[in-house]
Amino acid sequence: MKLIKKLKNKLKLLSHSGSDYYCPFCGYHSKDWEVVGHDLAVLREKEVIGGGRRAAGCYKCQSRDRERLLYAFIMEELKLPESKDLSILHIAPEIKLSSVLLDQHFKEYVCGDLFTPGYHYADYVKNINVLDIPYPEQHFDFVICNHVLEHIPEDTKAMGELFRVLKSGGKAILQVPISNNTQETHEDFTVSDPKKREELFGQFDHVRIYGQDYSTRLESVGFKVNRINISNKYKKLGLNPYEDIFFCEK
Ligand SMILES: [Zn+2]
């Protein structure tokens with residue numbers, strides 16, 4: 001059975017190989033991307049970026065468009081590894097991205113996640129609650145926290161914590177699923193039924209769908225927000241043309 005699976009996988013990679021696209025995590029060159037994600041009405045209607053069913057997966061390592069965007073921004077645009085003297089906090093670390101960052105041997109690279117029963121965490125990940133980060137003020141030069149805030153009712157408190165542990169002049173990448181056609185964030189904390197949450201917010205454990213006012217919330221805790229789009233520059237990585245990086249500064 002294992003051999004058949006291996007063979008099938010090999011054939012799949014052969015049939016999709018090409019020169020149009022490229023995955024920076026595994027190096028696979030392809031002519032297209034695998035269709036991934038859930039097709040939900042609310043994600044379609046609200047044109048939610050960072051979710052929904054789309055051709056965005058690497059056939060070889062399963063990386064997603066949004067992970068490749070982070071790779072391009074951190075490794076190619078910011079060239080973060082050129083400054084080894086950085087203290088970095090990475091909340092809910094994307095496994096492929098954190099492997100790349102671990103290899104850079106920064107002065108400090110802390111990975112944290114709120115440990116939840118039933119989930120597995122890599123041994124370099126610490127149990128950290130983003131509402132109460134166990135580090136002093138002005139500790140980190142750089143914070144990465146993606147697709148976390150939409151899970152937390154007290155999201156501005158979490159934003160405030162991320163802001164607190166960041167040094168003055170420090171930078172943060174804070175991505176969330178965001179509606180492309182809605183101004184106002186839609187949230188309702190009285191909804192706790194997982195099925196209803198999926199229907200309203202696009203995932204069983206999300207408590208909101210952010211609108212374009214997401215930046216205003218970040219600014220309310222003190223961040224200066226820069227929205228940056230690099231999708232045109234990295235066409236080979238198959239990025240979502242509408243996905244901006246929320247690059248925040250203290
Ligand atoms: Zn890949």
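**Cavities, pockets and a zinc site**

Student: Which residues line the largest cavity?

Tutor: On a 1 Å grid over the protein atoms alone, a cavity is a set of points where a 1.4 Å probe fits but cannot get out, and lining residues have an atom within 4 Å of a point. For the largest cavity, these are Ile 49, Gln 175, Val 176, Ile 178, Asn 180, Gln 212, Arg 227, Tyr 242, Glu 243, Asp 244 and Phe 246.

Student: What volume does the largest cavity have?

Tutor: This is a predicted model, in which local features need pLDDT of at least 70 and side-chain atom pairs count only at 80 or more, whereas totals for chains, interfaces and linings use all residues. Residues are numbered from 1 along each chain as its sequence is written, and side-chain values use heavy atoms, leaving out hydrogens and water. The lining holds five nonpolar, three polar and three charged residues (Asp, Glu, Lys and Arg are charged; Ala, Val, Leu, Ile, Met, Phe, Trp, Tyr, Cys and Pro nonpolar; the others, including Gly, polar). The volume of the largest cavity is about 80 Å³.

Student: Which residues line the second largest cavity?

Tutor: The second largest cavity has a volume of about 50 Å³. By class, its lining comprises one nonpolar, three polar and four charged residues. By name, they are Arg 66, Glu 67, Leu 70, Glu 94, Asn 146, His 147, Gln 175 and Glu 243.

Student: Which residues are the closest to the centre of the largest pocket?

Tutor: A pocket is an open set of grid points with protein on both sides within 12 Å along at least five of seven lines. The largest pocket has a volume of about 1600 Å³, and its lining has 22 nonpolar, 16 polar and 10 charged residues. Of the 48 residues that line the largest pocket, the closest to its centre are Arg 66, Ala 92, His 147, His 151 and Gln 203.

Student: Which element gives the largest share of the lining of the second largest pocket?

Tutor: The second largest pocket holds about 290 Å³ of space. Among its 21 lining residues, Val 48, Gly 51, Arg 53, Arg 54 and Asn 240 are the closest to the centre. Helix H2 (41–45), strand S4 (48–49) and S5 each give two or more residues (helices are DSSP runs of H or I with at least four residues, strands runs of E with at least two, numbered from the N terminus). The largest share, three residues, comes from S5.

Student: Is Arg 54 buried or exposed?

Tutor: Arg 54 is found in strand S5. Beyond its neighbours within four places in sequence, Arg 54 is in contact (heavy atoms within 4.5 Å) with Glu 34, Val 35, Val 36, Arg 64 and Asp 65. With a relative accessible area of 17%, against limits of under 20% for buried, over 50% for exposed and partly exposed in between (1.4 Å probe, protein chains only), Arg 54 is buried.

Student: What arrangement do the four donor atoms form around the zinc ion?

Tutor: The donors (N, O and S atoms within 2.8 Å of the metal, or 3.2 Å for Na, K and Ca) are the SG atoms of Cys 23, Cys 26, Cys 58 and Cys 61, 2.3 Å from the zinc ion. Four donors count as tetrahedral if all angles lie between 85 and 135 degrees. Because the angles here are 102 to 115°, the arrangement is tetrahedral.

Terms used. Four donors count as tetrahedral if all angles lie between 85 and 135 degrees; four count as square planar and six as octahedral if opposite donors are over 155 degrees apart and all others between 65 and 115; anything else is irregular. Grid points are joined across faces, edges and corners, and a volume is the space filled by probe spheres set on the points.
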